[in-house]
Amino acid sequence: MFLRGICLCAALAAIAPAAWAQAPAQIQVPGNPALDPLRKQADEAYRQRNFGLTMQLAEQILQQEPEDHVALYLRGSARIEVGIATNAAELIRLGIADSREAIRHEGSGLPDYYLPYIYGMSYLTGMEGKKTHAQTARQVADSVLEREDLADDERANLLYQRAHAEVQLKDFPTAEADLQQALQLDPNHEAAHMLQAEIAAKTKSPQEAVNAYSRVIQVFPQDPVVYNNRGMYLLGIKQYQYAVNDFTKAIELNPKFTEAHINRGFCLMEAGDWKTAEGSLNSALAIEPNHTGALSLRGQCRMQQGRTAEGLQDFNQIVQAAPTSASSYADLGFAQFFAGEYVGANMSFAKAMELDPNARFLLPWRLAAEVRCGTITQELYKASLTKAEAERDWVDHIILYQGGRIDETGLLAAVHPNDDAAKVAQTCEAYYFIGLEMTRRNRAADARGYFQRAAQSKVSKLSAYRGALLALNTAN
């Protein structure tokens, strides 16, 4: 376990490329003909990936016709897409429920109606680590694929969705076979081509994976999505300039491609070019002013450039846009903490934990804020301070260190010895919290040394890493 930072994780979830399920076919439905224009608008909004408008229009239909299966299908599809983009499992579940209702009310077993259900269920496996979701998705796909009345494009879509479930189950050879069969039926099935590249990214060398993405670009040279997705892979292997080139190309092909602007900005942040990154994020926010992922990243850019007030303004806007989201308040809390606004930080962390009682990893940050405010809520930390040594986890050790129960050597000795990812993350956090303590003791030179060590981890998803960068910038 480590004290993952919600702020950057939320942004990444909002900008990561989706699996690009096929857009639903336009379907005629018996019922109130006066609703046909709304149905058509909702369908067109989905095809344009304007999922917010899709949900809005579908809900207008459902207010008048609660059993309208087209509206249920479109709202379910849109909810699943937005849930994936924002890492919101509950929204995905709502979309799955809509899909089930659409299937039930449609009545004849229309194949397209199973696609969002299968996609949503398989995606939950990756999000929650529960194989049963993807196993259920595969079973449903199996049952529909047994039908003999499927058109080629319907069978190709279902094969793609089954392959997606198989990827979640790490059954890559079977997924590859399904994708090859799908492409035999529909050679221009873009989602199948893209999933082949994603499998290469998971199972083959970096060069082979880049070649796989490049083959998709050869098939779809005018599609901005394929450049964006190759850019995301290049970003993941730290080929920043090549990734920026791909995101730039995607933007040239579609200047309104919000995700490409955000991805380009994040890539530039990873390369340390905060000013240019902010420009890309400004472009994204000109298209979607309340995009919380873009606001979070821009807030970080502004704070790294020493424009703390503007950075905090971005994080406050996130809370206004998503006032019931625990991650919104955690975002704001980290920003306030790094800005030295410890009373506000503690209040924001408390609100985040109220909204998400499982956000225990915020406890060490609350203690750090309270120590600097001079008032400590002892009850919050009692369990960690009284826990038997064999039962302590990483959160407990950070709290014990701040409470003076263990020293720097003891904290570093508690770092996970075997899990490489946890070891790197916890070491970064240990150095950051030691740096905080050295600062509190007015040992500026020692503090700087520890912050430098924390910054060497380059684990950008960690709040401790970002805090170390800010501490070093402030000291310069």
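**Helix α8 and its two packing partners**

In this predicted model, helix α8 and helix α9 pass each other in a left-handed crossing. The contact between them draws on Asp152, Arg155, Ala156, Leu159, Tyr160, Arg162, Ala163, Glu166 and Val167 from α8, and on Phe172, Thr174, Ala175, Asp178, Leu179, Gln181, Ala182 and Leu185 from α9.

**How α8 and α9 are arranged**

- Two packed helices are described by the angle between their axes and the distance between the axes.
- For α8, which covers residues 152–168, and α9, which covers residues 172–185, the axes come within 8 Å and cross at roughly 165°.
- Angles over 145 degrees count as roughly antiparallel, and α8 and α9 are therefore roughly antiparallel to each other.

**How α8 and α10 are arranged**

- Helix α8 also packs with helix α10, residues 190–203, at an angle of about 15°, and the axes of this pair are 10 Å apart.
- Angles under 35 degrees count as roughly parallel, and α8 and α10 are therefore roughly parallel to each other.
- The crossing of α8 with α10 is left-handed, and the contact is formed by Tyr160, Ala163, His164 and Val167 of α8 together with Ala191, Ala192, Leu195, Ile199 and Lys202 of α10.
- The residues of the contact of α8 with α10 are made up of 7 nonpolar, 1 polar and 1 charged.

**A buried residue in a loop**

- Phenylalanine 361 is found in the loop that lies between α19, residues 342–355, and α20, residues 363–373.
- The relative accessible area of phenylalanine 361 is 3%, and since buried means under 20%, this residue is buried.
- Although phenylalanine 361 and valine 395 are 34 residues apart along the chain, their C-alpha atoms are separated by 6.2 Å.

**The protein as a whole**

- The protein contains 26 helices and 0 strands.
- A compact globule with 476 residues would have a radius of gyration near 23 Å, and the protein has 24 Å, which agrees.
- Along its principal axes, the C-alpha trace of the protein spans about 75 × 50 × 45 Å.
- Of the 476 residues in the protein, 53% are buried.
- Among the contacts in the protein with a separation of 6 or more, 54% are between residues 24 or more positions apart.

Key. Residues are numbered from 1 along each chain as its sequence is written. This is a predicted model: local features need pLDDT of at least 70, side-chain atom pairs count only at pLDDT 80 or more; totals for chains, interfaces and linings use all residues. Side-chain values use heavy atoms; hydrogens and water are left out. Axes are lines fitted to C-alpha atoms, for helices over the stretch in contact, and angles run from 0 to 180 degrees between N-to-C directions. Helices (H or I, at least four residues) and strands (E, at least two) are DSSP runs, numbered from the N terminus. Angles under 35 degrees count as roughly parallel, over 145 as roughly antiparallel, 65 to 115 as roughly perpendicular and the rest as oblique. A crossing is left-handed if the near helix is turned anticlockwise from the far one by less than a right angle, and right-handed if clockwise. Contact means heavy atoms within 4.5 Å. Buried means under 20% relative accessible area, exposed over 50%, partly exposed in between (1.4 Å probe, protein chains only). The radius of gyration is taken over C-alpha atoms; the globule rule is 2.2 Å times the number of residues to the power 0.38. Ala, Val, Leu, Ile, Met, Phe, Trp, Tyr, Cys and Pro count as nonpolar, Asp, Glu, Lys and Arg as charged, and the others, Gly among them, as polar.
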